[in-house]
Amino acid sequence: MEKGKMLLVSLGQGAGNIVDGLLSKNPRYNGLFINSSLFDIKPLKNADITKNVYVYPGEDGSGRDRNKSKEMIKDNINSLAALLSKYPLTEAVVVFTTMAGGTGSGAIKTFIQIAKKVLKNAKVNVVAILPSLKEDELAFKNTIDCWNDINSVMDLINDVKFVDNNKRNTYKEINNEVIESLDLAYNIIGIHADGCIDNKDSLRINTAEGSGLVLKLYDGLKDVKTAVDLAIKNSVFVQPDIYDCDYLGINLKIDGYDPYQLSKLFEVYRSTYITYNDKNNIVVLGGCETPTESINLIKMALDDKNKRKSTRNRKRSVIIDVNTDDEDNINIEEMVVTTKSDLNNLFDNNYNF
């Protein structure tokens, strides 16, 4: 993929961190940061308010409210369309969003529709970040609604990758792994006497219609199957139910794993591309079926929280009946105050000023 013809768009704060990291990896990418809060933009090294940032005018965050986000992006359709029209040579738009939040989660569907309307010839990819199973009820509900929004415009999307936040201990670890993996996938090109992958091949693999997957293979394992199994286990991307794909891209270290043995581990329906390098072992699958296990786990977690909430017996007020012979104790319930004079007498009888 030609980096100068790629447009990486972040919707919201969490997505902004990933796009910022990719721009630091390779400044040839084009990046756009779209947000409802300028506060979220300020920490990003590659966000320039005069060049590649759009903050919804008059807004200060969405408060994780997807409906508010939907309203905000609809109010800014023309401005966003004008912004995208500045990138007429774009071949691939990659839209990043967290699914559990508000700003990106609520805007993703409309933004995809705007992008396809303005950049008619560009492929649209999505990288959507699922929450961990430790999140709260609102995170789960937003995620399911966002999932449904993405699937409702799947005919406008080429490749979609889902990130599993359960696969690392911190958001920083997740972000770093996503940044490294995607940059390697977008740079899978290679020239070698025994096989080449060019920019067009890379575009075909990375924008195949369906779900995509990036696997990084460790060196020195006993065989290629063991390496692939470990890569699947350690991947931060949601895994498909089966590993059939339309396109398979393989870029391995020279004199390392056998790419032809590796290719036998996957059912490939269209083409397999093989090349070699001296740094990394990368496998990219394009055109897999949409994974469902992770979103089903989110739905189960939401159902469990709703079930426990429905059985909750929360007490808001408790009356304590105190029986005492203390003459100074006043039974307010038995006392009737009808006039200002009665009120004054109440205080006069009990307080000495």
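Q: How many polar residues does the lining of the largest pocket have?
A: The model is predicted, so local features need pLDDT of at least 70 and side-chain atom pairs count only at pLDDT 80 or more, while totals for chains, interfaces and linings use all residues. Residues are numbered from 1 along each chain as its sequence is written, and side-chain values use heavy atoms, without hydrogens or water. Ala, Val, Leu, Ile, Met, Phe, Trp, Tyr, Cys and Pro count as nonpolar, Asp, Glu, Lys and Arg as charged, and the others, Gly among them, as polar. Seven lining residues are nonpolar and three are charged, and the number of polar ones is 17.

Q: How much space lies in the largest pocket?
A: On a 1 Å grid over the protein atoms alone, a pocket is an open set of points where a 1.4 Å probe fits, with protein on both sides within 12 Å along at least five of seven lines; lining residues have an atom within 4 Å of a point. Grid points are joined across faces, edges and corners, and the volume is the space filled by probe spheres set on them. For the largest pocket this is about 580 Å³.

Q: Which strands stand at the edges of the sheet?
A: Strands are DSSP runs (E, at least two residues), numbered from the N terminus, and two pair if DSSP finds at least two bridges between them. Ten form an open, mixed sheet in the order β3-β2-β1-β4-β5-β6-β7-β10-β8-β9. Those with a single partner strand, so that one side is left without a neighbour in the sheet, are β3 (53–55) and β9 (267–277).

Q: Which residue in β9 is the bridge partner of Y247?
A: Strand β8 (residues 244–253) pairs with β9 in the parallel sense over nine bridges. The β9 partner of Y247 is S271.

Notes: Helices (H or I, at least four residues) and strands (E, at least two) are DSSP runs, numbered from the N terminus.
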